[in-house]
Amino acid sequence: MSSPSPAVERYDVIILGASMAGIEVLYQLRRKRRGRTLRVAVVDRQEVHGYIPLCQERLSRRLHDASARLHTAGYVTSSQHTEMIVGTVARMNSVARRVLLADGRALDARIIVVALGSVLAPPADRIPGVEGALAVKFDHEAQEVRERLQRLRAPGGPEQPRVVVVGGGISGVEMAGELAWMSQRSDDLQRPFEVTLLHSGPRLLPALCERAGALAAEHLEAQGVDLRVRARLTQMRSDGVVIEDRVPTSPEQLDMPADLVIWAGGVRPPPVLDELGVGQRDGWLTVDRELRALDADGAAIEGVFVAGDAACVVDEGGVWPTMKRAIECLWQAKIAAKNILASLQGTPRRAHRLREDFPHGVSIGARSLVVYGPLVLDLPRINTWFRRFLMRRYFARYRARARG
Ligand SMILES: Cc1cc2nc3c(=O)[nH]c(=O)nc-3n(C[C@H](O)[C@H](O)[C@H](O)COP(=O)(O)OP(=O)(O)OC[C@H]3O[C@@H](n4cnc5c(N)ncnc54)[C@H](O)[C@@H]3O)c2cc1C
């Protein structure tokens, strides 16, 4: 890039992405006197963020938007030193520390934090037609699925509507359970529908203990979900899906009518990560233990940090098995904020610590589990209450304070 033009806005710190990692970096900076005086810009295309861990309950409206959304821009602009820039990040020159937005704006900073996260998107390169599947992570996606469901369930819709959920990990189990819960609450205006859950592995919740997987299967089937394990989606058509059943021992191709397909088969790196001038592993951005971005040769890039789902910690050539979870975002954001201040002040930086597990809440429609290692608690009321309590605690953290 050529020398800066007068139109370029300059900041001490730019945070790209204001979801769970980005907003926490700002929160952690504000906890320190020096951090509160920095001129910070936060860039995101969303001004408001729905609470992702309970996105299935926002879809069904069990949780209403008002109680399950963070007014991110309100928190960001609650200090006169911080600006919210609503826009789409298109590119970054990591060496010059310049960010280009899709609308042509250019922003420079002494430090840039990339917290552009992940997308829940089907692998269109591997499964023909699957780009027609929908997913639910962000608000606009939940809205689209809600509208499709409403049309399906309205009088005059298909005779026996069927929704197929793909993926038997935590997100897929939670989505199938919530859809079953919705279907059970049908009336004259909103007809019931069938829910099928496809999972290519031998049991549900492969990342959690066997008992959790078995209990999830039991709870889903008790709520009427048509559960298909060892069943892999191989094609999606306009009127249904093609699956390979009984994989891998005696695979058999099966056509299944479907009116709506919801992808819950895992997150992927958002395409913008390819445009940031940072080294990548499987599409994720490589960082060292101090969360400093690495270039393609593995050398640290001065003044660029990465936190949250987008980050892939590389240590002595190996990749850390970090969790792509809210709690990991909070841990990483704390280290990133400390290291931003250390870099500006010329003091030693801190190293991030690998933690491979943390308790999981798994909502399954009317049921709910808490799983930690081999321990499984099946206490639906308490778990549901506790997950909402955690959500309220999370929002309280970012309650907008007076300008100052
Ligand atoms: C369905 C689902 C359920 C989950 N449930 C749980 C759970 O129960 N518990 C748990 O701990 N974790 C859960 N997670 C994981 C957790 O939500 C993620 O780890 C967390 O959201 C990652 O936060 P992040 O800030 O790194 O990125 P993301 O949340 O992915 O956010 C990225 C942000 O960057 C913005 N952005 C992206 N690209 C651009 C661009 N080009 N320009 C401008 N802005 C951009 C987006 O608008 C977004 O605000 C779940 C994830 C999913 C998908």
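This note covers the overall build of the protein chain and one of its sheets.

1. The model is predicted. Every point below should be read with that in mind.

2. Secondary structure. The protein chain holds 24 strands and nine helices. Its radius of gyration is 22 Å, close to the 22 Å that the globule rule gives for 404 residues, so the chain is as compact as a globular protein of that length.

3. Extent. The C-alpha trace spans about 65 × 45 × 45 Å along its principal axes.

4. Burial and surface. Buried residues make up 53% of the 404 in the protein chain. The cut-off for buried is under 20% relative accessible area. The chain exposes about 18,600 Å². Carbon and sulfur atoms supply 49% of that area.

5. An open sheet. Three strands form it, in the order β12-β13-β14. The pairing is antiparallel. Strands β12 (232-237) and β14 (252-257) are the edges, and each pairs on one side only. On average, neighbouring strands of this sheet are turned by 25° against each other, direction ignored.

6. The β13 to β14 pairing. Strand β13 covers residues 240-245. Six bridges join β13 to β14, and the two run antiparallel. For a residue-level check, look at Val242: it stands opposite Asp255 in β14. As background, strands of a sheet pair through backbone hydrogen bonds, either parallel or antiparallel.

Notes
Residues numbered from 1 in each chain as written. Predicted model: local features only at pLDDT ≥ 70, side-chain atom pairs only at ≥ 80, totals over all residues. Heavy atoms only, no water. Pairing = 2+ DSSP bridges. Helix = DSSP H or I, 4+ residues; strand = E, 2+ residues; numbered from the N terminus. Axes fitted to C-alpha atoms, helices over the stretch in contact; angles between N-to-C directions. Rg over C-alpha atoms; globule rule 2.2 N^0.38 Å. Buried < 20%, exposed > 50% of the residue type's maximum accessible area, 1.4 Å probe, protein only. Areas by Shrake-Rupley, 256 points an atom, 1.4 Å probe, with all protein chains shown as cover.
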